[in-house]
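Points are grouped by topic.

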Amino acid sequence: MTKSILSGVRALSLGVAAAAVMATSAFAADLSLAGKKIGVAVVGTQHFWDREAFNGALDKVKELGGEAVPVDGGRDNQVHADNHDILLNQKVDAVISILGDGAVEPKFEALKKAGIPVFTVDHLSPHGVNNTTSDNYYMGTTIGRYMADAIGGKGKVAVFNAFEGALRICGIRTGLWKYVMQDYPGIEIMQPELAEEFANAPEDARKKTLDLLNQHPKGTIDAIHVGCWDQPAIGIVQALEEAGRTEIKVTALDGGPDTLEIMAEEGSPFVANVAQQPRKIGSTAAMNAARHFAGESLLPQTFVDVRPVNGPEEAKAVYKELGYGEIK
Amino acid sequence: MTTSRPHAASLVSKSAMVGYLPLVIFVALLGYLSIASSNFLTPATFDLILRQAVPTIIICMGLSVVVMAGGDDVVSGGIDLSIPATAVLSAAIIAQQVTNQGTPLAAALVMALGAAVLVGAVNAILVVRIGMTPLLATLATSVAVVGIIKVVTSSRRINVNDPTIVWLRDGTIAGVSVSVVSTFLLFLILFFVAHRTRWGLNLQAVGGSREAAEVSGISARKFVAQSFIVASLTGGLAAMFVLARGSGSTPGTEENLLLEMVLATFLGAAFSPRRVVTLWGAVLGAVLVSALSIGFKSIGVNVFWTGCIKGALILVVVASASLSTRVASRGRAA
């Protein structure tokens, strides 16, 4: 009896799942950007995350029959903001804008005034229709818990935190990491906090970490955390290896193939991360633009799944799962 | 003897041709962009080009004054590479004061201009008193100033919502952007000072021939020193427009400004009949450089290629300037 109920439930759930998949695919097939000129602005393409989100958006725009107008800020927030003026001038039908700091806000406002809807990626704006992003709240708290666990719930932590006040996503990630830290009275966040550069982050963080290690002898730092992304962590790990201080744990956020590979190395000080799916984020933003043109009303934010990464084995598993290949 | 004259004449005309080369390349590029991008030749694009060029135009005017006083040899003549960093430092000071300290904008601007003058004074001392070449001296101050920017801002962006800055960004006077109108007024003032006052004429005399100026009783050192102060002041004033353009101060903005300033100022020399750096030439140069940036983006050229093309153009501009001078001097010698 129980068995037959169970199999009935299973059959029903499979049926619902199949119907849901069909409904989704049928709906996805209806989506179109045919005849639309979509501006895609990205702050830079040097880093994996930016490049993937950018390509994800561009590919999806083309797949949906739209014409993509790409502009790249070359990792300069001012150039990125100015590029929106060019898209406005080109009279595109919509803009997908990836990252950017406060300099883009007046540009979004001008686009909105001209009747051009803006779909942001990782940038919540009152002038945007929708923002596609990872679950930054989950990222901030998860990396907080993982970091605290990695150092046994007590110790001194240095944090690279240049963008908490400048980018809302960083405010959420770092703010919630600090919120978790409140429950670990044994953990001290070292002051002053460090500020990494936006361009050349790995090399800049390497130098700053070497300086930090010179000022604080062995045994006086337990972890280094990067509040909003993980490009600086590449330089931090390099500095720790150069100085022979790999007992210091490193945690950060983003989890692209470059940093997952570092995490997967044996004895790597880089112990925890939360991996995002930037390509999916970019393509979702393009789908949202199509949904908007189809007359669908969008929620203010669309969240794309993330994968927590705790330790080298999970780094290898996530690397494979996200389609980056296989780490032996 | 009979053959030397035609030879000299052909060398002079060759020098003129070499001098015009950058201009020819630019005009050809712009011509191509107008064909490749359907909306390049529109009033809206022109307005955009001018608005995006504003900070570069202002610092180019400052650099022109230094070149006027120091002579236009790129290596041993007048040059000030620290103006972009000074502009970004002044912007950082204003942003830090207005947003984080609640200082009124006017007071913050005074502080920023004070800091700018200080940078100019350091440059002046290094070049005039210590005798360093301006290229190296101002490169060193530029690096130091970038360090100070990081200290002032803790390497962080600072948003600015001050109504005057917003007005500079969004306001218009008779349909023309406030930033463009203010820059034009600044140009008129500087043009008047450089070309219609005794100070300006003496400054140009010093740049033309330092020995001749000294013989007629003009202190070249004084004018060279003052030119660095004027240049830094233009950096301080450009800060207002750097802030307006970015709605705040962002560390790192100086890099792009430096590239555009050097390219625009020396490109501007191609407009002058004698191939020398002039105020109006620099302004036109800055507008052309902005037009190229916008044009390339409009036709979808990768941003790194744009950087590469700009770098190559700097080479062409500077090389043709030196070549033109060499050919001309050979012509005179012949």
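In this predicted model, β5(A) and strand β11 (residues 301-304) of chain A are paired in the parallel sense over four bridges. Within that pair, A:Ser134 stands opposite A:Val304 in β11(A). β5(A) is also joined to strand β4 (residues 118-121) of chain A, again running parallel, by three bridges.

**Strand β5(A)**
- A:Phe119 is the residue that stands opposite A:Asn130 in β5(A).
- Strand β5 spans residues 130-134 of chain A, and five of its five residues are buried, so the strand is largely enclosed by the rest of the structure.
- In a regular strand, side chains alternate between the two faces of the sheet.
- Both faces of β5(A) are covered, with A:Asn130, A:Thr132 and A:Ser134 buried on one side and A:Asn131 and A:Thr133 buried on the other.

**The six-stranded sheet**
- Six strands of chain A form an open sheet with mixed pairing, in the order β7-β6-β8-β9-β10-β12.
- β7 (187-189) and β12 (307-310) of chain A are at the edges; each has a single partner strand, so one side of each lacks a neighbour in the sheet.
- On average, neighbouring strands of this sheet are turned by 15° against each other, direction ignored.
- Strand β6 (residues 155-160) of chain A pairs with β7(A) in the parallel sense over three bridges, and A:Lys156 stands opposite A:Glu188 in β7(A).

**Helices on the sheet**
- Helix α7 (residues 201-215) of chain A packs on the sheet and touches β6 and β8 (223-226) of chain A; the direction of α7 makes about 150° with that of β6(A).
- Helix α11 (residues 312-321) of chain A also packs on the sheet, where it touches β10 (270-275) and β12 of chain A; its direction makes about 150° with that of β12(A).

**Contact of α7(A) with α8(A)**
- α7(A) packs against helix α8 (residues 231-243) of chain A at an angle of about 40°, and their axes are 7 Å apart.
- This angle makes α7(A) oblique to α8(A), and the crossing of the two helices is right-handed.
- Residues of α7(A) in the contact include A:Ala205, A:Leu210 and A:Leu213, while those of α8(A) include A:Ile234, A:Ile236 and A:Leu240.
- The residues of this contact divide into 11 nonpolar, four polar and two charged.

**A:His80**
- A:His80 lies in helix α3 (residues 77-89) of chain A and is buried, with a relative accessible area of 0%.
- Neighbours within four places in sequence aside, the contacts of A:His80 include A:Val42, A:Gly73, A:Ile98, A:Leu99 and A:Val104.

Terms used
Residues numbered from 1 in each chain as written. Chains lettered and ligands numbered in written order. Predicted model: local features only at pLDDT ≥ 70, side-chain atom pairs only at ≥ 80, totals over all residues. Heavy atoms only, no water. Buried < 20%, exposed > 50% of the residue type's maximum accessible area, 1.4 Å probe, protein only. Contact = heavy atoms within 4.5 Å. Pairing = 2+ DSSP bridges. Axes fitted to C-alpha atoms, helices over the stretch in contact; angles between N-to-C directions. Parallel < 35°, antiparallel > 145°, perpendicular 65-115°, else oblique. Left-handed = near helix turned anticlockwise from the far one by under 90°. Nonpolar A, V, L, I, M, F, W, Y, C, P; charged D, E, K, R; others polar.
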